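Student: Take me closely through one part of this structure, please. Keep it brisk, and give the cut-offs as you go.

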Amino acid sequence: MPNTATAATAQFAGRTINRMGYGAMQLAGPGVYGPPRDRQAALEVLRAAVAAGVNHIDTSDFYGPHVTNQLIREALHPYPDDLVIVTKIGARRGEDKSWIPAFSAAELTEAVHDNLRNLGLDALDVVNLRFMFGHLGPAEGDIEAPLTALAELQRQGLVRHIGVSNATAKQVADARRIAPIVCVQNLYNVAHREDDALVDDLAASGIAFVPFFPLGGFTRLQSDELSEVAAGLHATPMQVALAWLLQRAPNILLIPGTSSPAHLAENLAAAGLVLPEAVLGSLDRIGRVAADA
Ligand SMILES: NC(=O)c1ccc[n+]([C@@H]2O[C@H](COP(=O)([O-])OP(=O)(O)OC[C@H]3O[C@@H](n4cnc5c(N)ncnc54)[C@H](OP(=O)(O)O)[C@@H]3O)[C@@H](O)[C@H]2O)c1
């Protein structure tokens, strides 16, 4: 692990934000569909996050659909000046909870307007174009037409900054030739290190890398190394996983997701956890073992 980066804040989308943010996907119902199991708890988590200093929230209108954006609006509107809300477009939901690619200019325009309406905004801070060329994970595919359509929405003033998600390194490079890109949001965590080189390339260019599934997502991270390091530091394995990401590179911004106020507090506290050099080698092995498996 070549980089250590312990700064609490970073420059992102023209503002100074805390690197420990919050991802709202877990607030929708089961299968990221429908209303939350506990609506009051969902509103409480959002308000507690912002009260604790979170000023970077990740969402999408396809969570629910519309559910997380409407919860964010109810909990937090009118928004604090320093809050950066990042959303994503490129999919719509089927009634069977499926995720359906939605990349035409008309669909992307509709998605931007859905996000504006449900969040109660005149312009979106950051919109990630989420690619869905493969069944699972990033896959090559031509991004020029959808990214050009999103750049046109930016030209119209509806979108301030553009990012990409679920992108290959080639797609990131292609995207950067079409429009200025402020962030890349891909699957990455202490056990899934496929984007190691991309993280370093983006760090060198001052572009944020925002890992989704920082805690493993639907399958929570589990490893003996994580548990042992956590026990030695009087922390939890989830806190160690988040602290590892913060130390991995200065351009990494975190958006761990939770529907639980207790987990939120635990995750936010990880911003203050410094991992000593001595444990980094053992954590590094988690990714290598997972890659060999
Ligand atoms: N661009 C994309 O394609 C994409 C894909 C997926 C997600 N995302 C974004 O990335 C964000 C983060 O991903 P994610 O929420 O799916 O996964 P995650 O942050 O890796 O993990 C969330 C899971 O971990 C649990 N959890 C959270 N904190 C915990 C703690 N301290 N102890 C134990 N369990 C804990 C949550 O359950 P509880 O609710 O019980 O805490 C939930 O099941 C999402 O919210 C979303 O905004 C983007």
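Tutor: Start where helix 2 faces helix 3: Asn-69, Gln-70, Ile-72 and Arg-73 in helix 2 meet Asn-115, Asn-118 and Leu-119 in helix 3. Two residues are in contact here if their C-beta atoms, placed from the backbone, lie within 7 Å. By class, this contact has two nonpolar, four polar and one charged residues. (Ala, Val, Leu, Ile, Met, Phe, Trp, Tyr, Cys and Pro count as nonpolar; Asp, Glu, Lys and Arg as charged; the others, Gly among them, as polar.)

The model is predicted: local features need pLDDT of at least 70, side-chain atom pairs count only at pLDDT 80 or more, and totals for chains, interfaces and linings use all residues. Residues are numbered from 1 along each chain as its sequence is written. Helices (H or I, at least four residues) and strands (E, at least two) are DSSP runs, numbered from the N terminus.

Now the geometry. Two packed helices are described by the angle between their axes and the distance between the axes. Helix 2 spans residues 67-76, and its axis comes within 8 Å of that of helix 3, crossing at roughly 35 degrees. Axes are lines fitted to C-alpha atoms, for helices over the stretch in contact, and angles run from 0 to 180 degrees between N-to-C directions.

Cis peptide bonds come next. One runs from Gly-64 to Pro-65, with omega near -15 degrees. Pro-65 sits in the loop between strand 4 (56-58) and helix 2. A cis bond also joins His-77 and Pro-78, with omega about 0 degrees. Pro-78 belongs to the loop between helix 2 and strand 5.

Helix 2 has another neighbour. Helix 1 (residues 39-51) packs on helix 2 at an angle of about 60 degrees, and their axes are 9 Å apart. That makes helix 1 oblique to helix 2. (Angles under 35 degrees count as roughly parallel, over 145 as roughly antiparallel, 65 to 115 as roughly perpendicular and the rest as oblique.) The crossing of helix 1 past helix 2 is right-handed. A crossing is left-handed if the near helix is turned anticlockwise from the far one by less than a right angle, and right-handed if clockwise. Helix 1 contributes Ala-42, Leu-43, Leu-46, Arg-47 and Val-50; helix 2 contributes Leu-71, Ile-72, Glu-74, Ala-75 and Leu-76. The classes here are eight nonpolar, no polar and two charged.

Back to helix 3, residues 105-119. Its axis and that of helix 4 (residues 144-155) come within 9 Å and cross at roughly 40 degrees. Helix 3 is therefore oblique to helix 4. This crossing is right-handed. Ala-105, Leu-108, Thr-109 and Val-112 of helix 3 touch Pro-146, Ala-149, Leu-150 and Leu-153 of helix 4. That contact divides into seven nonpolar, one polar and no charged residues.

Two strands pair if DSSP finds at least two bridges between them. Strand 10 (residues 181-185) runs parallel to strand 11, joined by two bridges. Within that pair, Cys-183 has Ala-208 as its bridge partner.

Last, the ligand shell. Of the 27 residues around the ligand, Gly-23, Met-25, Leu-215, Gly-257 and Thr-258 come nearest. A residue counts as near a molecule or strand if its C-beta atom, placed from the backbone, lies within 6 Å of it. Helix 9 (residues 261-269) gives the most to this shell, with three residues. By class, the shell holds nine nonpolar, 13 polar and five charged residues.
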